[in-house]
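Subject: Structure for your files

Dear colleague,

Here is the structure I said I would pass on. My notes on it follow below.

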Amino acid sequence: MTTAVPVAASAIDVVLLETALRNAIVGEVRFDHGTRAAYATDASNYRQLPIGVVVPTSKKDIINTVEICRKFGAPILARGGGTSLAGQCCNVAVVMDMSKYYNAVLDIDEANKLIKVQPGIVLDTMRGAAEEVGLTFGPDPATHDHCTIGGMMGNNSCGVHSVMSYFEGYGARVSDNTERLTLLTYDGFIMEVGPTTEAQLEQYIQEGGRKGAIYRGLKAIRDKYADLIRERFPKIPRRVSGYNLDELLPEKGFNVARALVGSEGTCVVILDATLKLMHTPQARSLLVLGYPDIYAAGHHVPAILQHKPIALEGIDDMLIDFMRKKGLELEDIAMLPDGNGWLLVEFGGANKEESDAKAEKLMQALKKEDQPPSMHLYDDPEKESRLWEVRESGLGATAFVPGVEDAWPGWEDSAIHPDAVGDYLKDLRNLFNKYGYKASLYGHFGQGCIHCRITFDLVTRHGIEKYKQFTHDAAQLVIRYGGSLSGEHGDGQARADLLEMMYGKELMQAFHEFKEVWDPQWKMNPGKVIEPYGQTANLRLGSNYNPPSPETHFHFPEDGGDFAHATLRCVGVGKCRRHEGGTMCPSYMVTREEEHSTRGRTHLLFEMLRGEEIKTGWKSREVKEALDLCLACKGCKGDCPVNVDMATYKSEFLSHYYEKKLRPRAAYAFGWIYWWARLASKMPELVNFLTQNPITGRLFKLVAGVAPQRRIPKFATLTFRDWFKQHAKTKGGKGRVILWADTFNNFFLPETLVAATEVLEAAGFEVTVPKQMLCCGRPLYDFGMLNTAKKMLHDIMDSLQNSIRAEIPIVGLEPSCVAVFRDELVNLYPYREDAKRLQQQVYTLAEFLEKKAPDFKVPELQAKALVHGHCHHKAIMKMDCDTAVMDKMKLHYEVMDAGCCGMAGYFGYEAGRPYEVGKAAGERVLLPAVRKAGKDTVIIADGFSCREQIEQGTPRKGLHLAQVLQMGLHSEPASLYMPENKYVDRKKLKGDGKGTRTALVVLAAAAGLAAACLMATRKK
């Protein structure tokens, strides 16, 4: 077999190509270093820098892009979500990213159960439209909330519920559920294809032209290889490897559309697709079965399939062990019945009674067996969803497991007949053992598709050769079982070299001829599937991988102290590209830009260290621009399957980027807020007058880099610390607790801390406040001011050393400050014991009440509440304790899945694009929900920034949970518009004017200094 050679960008006049594209299309044309770096890889082991990226807005843009590329001889790669695991979504080509604009539902034919869509549409978006008329699309990969239909057609995806579509007669794969395609060839021909009768076939051939030539070529392939296709193509539900030449057989209706699905962009560009829909079950029930091991579970698959479930998934004990080591879904794991191998069996029905009855029928049949599995039936949608999270966590759980070598794709979706699952699993495990590899086994057992990530060594020559030999042996194994190299991820570059083993030379020639019919110039995603670049070519790592190990402020303990390894943590699955749900990634949800996804940013950091496309290291403008719109929300650390922590990466990068040079003025205005607030507290009335006045306020905003649309928060007339000095302390019988007087609540909203004081005292504790004024330095991280931040943490540990070692708990009200102690502290000081102690001693208010005061009778409050969780709270501390406290309060509450509020500390205040993105992030879910809430509904938001976003974006005000608890203590009705805590004597919150004179002198001196500098500048 010949091996493809990548097109050298130097062989193409790239400058003229870019210019021609810019002049011809309405969409975006990007040939810059940053974009090329962000699109250089997918979710696979491969890396190839594209020539450039085009983001088309219309069919005309796509046609013009292909036409211009043809003139310049540039290859084309049409790409969706870029989550492919076999390398088919990276190439030295002009990449057309269809996902941003070209993603509409064009038509729904309810009567014939068909939907017509553009290929860039996300699967869940399409299914949402279909479900409005009671229909759904059968194939549903685990990436359903962010993968695109175009990508699914490229790979011929299947997913969890393909069992359902298979039993309904639709087939498991996307190809089986495809009716028609409108396509564009590299030479500019547009045609619609689908099932073709023999009469139509002859007619098309007789008509001649490009269409006639295509059909003549396809008929010739069919006639020449029909018997061989029937003989050699595996008879299993999940045969994905190779081209679908079997769809050209007469008995299959010569369906050209289905023949092209799974061709991985190597033949045509899909302009639109008409897909089959099916009725969706109105109710679902989940039966979980536990077995002694995964092999016993696999042997039981054929018997369970006789009951026709709509999903049948398997997971092994190694996956669960990996999840425990990584702290993933621990409460959900506890829901599994006894065993070391499990099957998740889902049934559907018109109602719960019907779906439950199907599950119970299977349970009764299993109980009659000699050694029945342990079993548990779940028919609560919330619990079912949590168990499916365990299954969908498979990829994240098997990558970068502490104490285990890094695992990679490469043999992650082989498929055999479902009847052979048990035996194949045992043989595959034996093969792993032979090579000394570790891998969890899980996947779509109901259709014989087995998933795993394997501990391949892809950085040494010996390891790479060993990997290659393993896949050769694994291919022989799956072929002995009459299976397929791929059951849903495709061949790409990872398995293309092995196809001849599966099909033989003659069918490989048939594949060659099939591609040539469509792409005689071999410019469509070349080097993938057919005539590949080679299994071990273009590896993202490879034997030459040798990144620098730069000295960093953070120690990255989860990555062995190596920032380079941290940039490898992203496995490319693209969960950060979701359009809704969860927190990650708010800027991507707004801009839909790859560079603004967690994945895109991580890839840029990887390329920065690699030093080929991005050569300026820590001073990289491309990386800086991608990070500018990172809200540092930590949503990725909580939501990402492999816990990429972009907030920390951003902080580390900025610390080096700004080394020995000035930061933007917003960095000093917001990063130094602790010191500005201390100064302002000396004369709060004057400062408030100046910042709230339309004229001087505008000047303050200009100087601080604040968006003119924003309001600068007012300073409190008396800080909490000053109030606390006047407060009559209570001893309490349960010991001392330190209330952390953070900068935001102390200087701006002391009533929240006052409320917490009352709640903690009511719970029986003696509340204390550190004698020394301290700050965790949270805003400093956003600007990379890490030397200062580290000093502030050092001061805290020194000042509170006795309390820390006496194990006195600390309660923080601001989630971002609590997160500093729980996260950044030990990353900056991993070897300091006091840091480890302090990390364990800091609690949110709800955590403290649940863990340290479980017998406290939480006051009840009969009210409705809308709850917005702070991003750092959700990512680091989670919301479980908060919901437990609200349950005890008898609150009728809803915790919104609102993502990030968009304010994110300084971010939503900063003029320009941050303000726009921050506002748009808030308008996605949070702000509309708050506006819609009834006037008797309490808005709970613990984050200072979150409350500011709510107050500045709606007519409502948010309250801290401490204030809501305080209302319960007083048995008062909730007041939505409560501007300040009415349980505090406002007279005692008035300042006495002391310090104003000093502050005025300081201001006057600062003004004089500024004037002197201005005069000096003018003289120069």
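A search of the whole structure, which is a predicted model, finds 64 salt bridges.

Glu613 and Arg36 meet through their side chains in a salt bridge, at 2.5 Å from N to O. The two residues come from distant parts of the chain, 577 residues apart: Glu613 sits in the loop between helix H23 (598-610) and helix H24 (621-628), and Arg36 in helix H2 (residues 33-38). Both Glu613 and Arg36 are buried.

The loop between H23 and H24 also holds Glu612, whose partner Arg47 lies in the loop between H2 and S2, 565 residues apart in the chain. In this salt bridge the closest N and O atoms of Arg47 and Glu612 are 3.4 Å apart. Arg47 has 9% relative accessibility and therefore counts as buried; Glu612, at 41%, counts as partly exposed.

Asp246 and Arg239 form another salt bridge, with 3.2 Å between the closest N and O atoms. Asp246 and Arg239 are both buried. Elsewhere, salt bridges with shared partners join Lys634, Lys637, Asp645, Arg778, Asp782, Asp823 and Glu824 into one network.

Lys515, in helix H20 (residues 505-518), has a relative accessibility of 1% and so counts as buried. A polar atom of the Lys515 side chain lies 3.2 Å from the backbone oxygen of Met524. Apart from neighbours within four places in sequence, Lys515 is in contact with Tyr243, Thr266, Cys267, Trp522, Met524 and Ile530.

Now the sheet. It is open and has four strands in the order S1-S2-S4-S3, with mixed pairing. S1 (28-30) and S3 (76-79) are the edge strands; each has a single partner strand, so one side of each is left without a neighbour in the sheet. On average, neighbouring strands are turned by 20° against each other, direction ignored. S1 pairs with S2 (residues 52-55) in the antiparallel sense over three bridges, and Val29 has Val54 in S2 as its bridge partner. Helix H1 (residues 14-24) lies across S1, S2 and S4 (94-97), and runs at about 170° to S1.

Last, helix H42 (residues 913-924). Its 12 residues reach 16 Å from the first C-alpha to the last, close to the 16 Å expected at 1.5 Å a residue. Pro914, Tyr915, Val917, Gly918, Ala921 and Gly922 are the buried residues of H42. Their cover includes helix H22 (586-591), helix H43 (926-932) and helix H44 (944-953).

Regards

Note on methods
Residues numbered from 1 in each chain as written. Predicted model: local features only at pLDDT ≥ 70, side-chain atom pairs only at ≥ 80, totals over all residues. Heavy atoms only, no water. Pairing = 2+ DSSP bridges. Axes fitted to C-alpha atoms, helices over the stretch in contact; angles between N-to-C directions. Contact = heavy atoms within 4.5 Å. Expected span 1.5 Å × (residues − 1). Buried < 20%, exposed > 50% of the residue type's maximum accessible area, 1.4 Å probe, protein only. Polar contact = N/O pair within 3.5 Å; in protein donor to acceptor, adjacent residues only side chain to side chain. Salt bridge = Lys/Arg side-chain N within 4 Å of Asp/Glu carboxyl O.
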